[in-house]
Amino acid sequence: MPPASREAVSEDLRNDAVNRILLGTLVITLLGVPMSLIRTLHTGWLPLYAVHLVLGALAIGTFVLRHRLPLGIRIAVIVGLFTAVGIGGLIQLGLLGVGTWWLVVVSLLIGMFQSARMAVIAGSITLLLVLVVAWGFVNGFLQLSVDAQQYVTSWSSWITLIIAVSVMPFFVFQAVHALQMTTERLLEQVMAQRDEIDQLATYDQLTGLLRSHMLDEHLHTLLAISRRNGQRLALMFVDLDGFKAVNDTLGHAAGDALLAEIASRYRASVREEDAVLRVGGDEFVFILGAAGSDLQIAAIARRVLAATTAPFPWKGESAEVSASVGISVFPDHGSEPASLQRLADMAMYRVKESGKNGYRFAAAPPQSDAIVAGPAQRRKSR
């Protein structure tokens, strides 16, 4: 994902999270401020209630103007509101209030919208503030402004507490969950894009076959397996005959469709564990592990030739191509990937020089040194 896109997505996520929390703040304001005013019947008017009214008005105004205010200002208002409520409640009510809870939520929000480092700093400041207030109450510098027993036996006090510890956590955790789910979706998209890039780098888009740069890797792997199991391995180089004529007469679209069709036929001609690669415009390589005898390898070569020469219909016309196939075998013709590739390539060119549409083993014994004709050649000789 481009940097600009990542920034836009991040901005949208933060906006959504902030607006969810502003909604929670609005709900608490509409429910909690009336409860604070009702508590004046038991506690009398306290400066804390005036703070609640001012902060409630600020929360309502910010929510109404949320689509007009910049993200930074909305975040600052939320952090300021929570901090003011937390500090006010801590100093006025000490352990009876939920001031420390609000301050802890402030640290969480700073971590969400700023950084983990800033969250640690905010948490440290909260701890220091609690220690100072505790020292003030313990040493008599701070005193409760209400009767503790009367305060804890008031339903309005408990309702206010219930609102504070239920409504706001719901919206904060909802915002966190939304961020988490979106982050997971973004990660899934990134992984899907990475898989797509790997797929494009590994497989040819037109034919779906492995690309040429995978040849050495697959050949090394299958050679190692063949050495370990004491089995033969065959390497077949295939070059199409007459492909240029198809492009010239029917067009490149027909040529591309023909390559895709031949690739499909080639995959069907071998076992699932064998590898088929496209190494050039009209060149292919087969790596056959556990290849068996020369007769078995030759049978596969004949299947490849038959798959190649089968007519290819195109828009009411028919195109025909053939193939020249060169074969090298481990360990008969060599044990190193480079030498096997060179010998298979040389054998393939000898087929082309001798009339095309056939297969040939590299360094074959004299009695089988002749070109083995493919189906089309045998038909012509009759």
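Trp158 is found in helix 7. Helices here are DSSP runs of H or I with at least four residues, strands are E runs of at least two, and both are numbered from the N terminus. The model is predicted: local features need pLDDT of at least 70, side-chain atom pairs count only at pLDDT 80 or more, and totals for chains, interfaces and linings use all residues. Residues are numbered from 1 along each chain as its sequence is written, and side-chain values use heavy atoms, with hydrogens and water left out.

Trp158 counts as partly exposed because its relative accessibility is 41%. The classes are buried (under 20% relative accessible area), exposed (over 50%) and partly exposed (in between), with a 1.4 Å probe and protein chains only. Trp158 also belongs to a nonpolar surface patch, together with Val152, Trp155, Ile159 and Ile162. The accessible area of these residues together is about 530 Å². Areas come from the Shrake-Rupley method with a 1.4 Å probe, and for residues only the protein chains shown count as cover. Patch members have over 30% relative accessible area and no salt bridge; nonpolar side chains (Val, Leu, Ile, Met, Phe, Trp, Tyr) are joined within 5 Å, like charges within 9 Å. Helix 7 gives the largest share of the patch, 4 residues.

Rolling a probe the size of a water molecule over the atoms shows where empty space is left. The search runs on a 1 Å grid over the protein atoms alone: a pocket is an open set of points with protein on both sides within 12 Å along at least five of seven lines, whereas a cavity is a set where a 1.4 Å probe fits but cannot get out. Lining residues have an atom within 4 Å of a point. The largest pocket holds about 530 Å³ of space. That volume is the space filled by probe spheres set on the points, which are joined across faces, edges and corners.

The lining of this pocket has 30 residues. Nearest its centre lie His52, Val85, Trp102, Thr160 and Ala164. Helix 1 gives the most, with 7 residues. By type, the lining has 18 nonpolar, 11 polar and 1 charged. Nonpolar here covers Ala, Val, Leu, Ile, Met, Phe, Trp, Tyr, Cys and Pro; charged covers Asp, Glu, Lys and Arg; the others, Gly among them, are polar.

Helix 3 also holds Ile73. Ile73 is partly exposed, at 42% relative accessibility. Its C-alpha atom is 9.3 Å from that of Thr62, 11 residues apart along the chain. Leu210 sits in the loop between helix 7 and helix 8. Leu210 is buried, at 9% relative accessible area.

Now to the charged pairs. Side chains of opposite charge can pair when their charged atoms come close. A salt bridge is a side-chain nitrogen of Lys or Arg within 4 Å of a carboxyl oxygen of Asp or Glu. The count comes to 9 salt bridges. In one of them, Asp294 meets Arg232, with the closest N and O atoms 2.9 Å apart. Asp294 lies in helix 11 and Arg232 in the loop between helix 8 (215-229) and strand 1 (233-241), so this pair ties together parts 62 residues apart in sequence. Lys352 pairs with Asp239 at 2.7 Å between the closest N and O atoms. Lys352 is in helix 12 and Asp239 in strand 1, so the parts tied together are 113 residues apart in sequence. Both Lys352 and Asp239 are buried.

Arg271 and Asp274 form another salt bridge, at 2.8 Å from N to O. Arg271 is partly exposed at 32% relative accessibility, while Asp274 is buried at 8%. Shared partners join Arg232, Asp294 and Asp332 into one salt-bridge network.

Some backbone details remain. The peptide bond from Phe330 to Pro331 is cis, with omega near 5°. Pro331 is in the loop between strand 6 (322-330) and helix 12 (337-353). Ala290 is not a glycine, yet has a positive phi of about 45°. Its place is the loop between strand 3 (283-288) and helix 11 (294-309). Lys356, also not a glycine, has a positive phi of about 70°. Lys356 lies in the loop between helix 12 and strand 7 (358-361).
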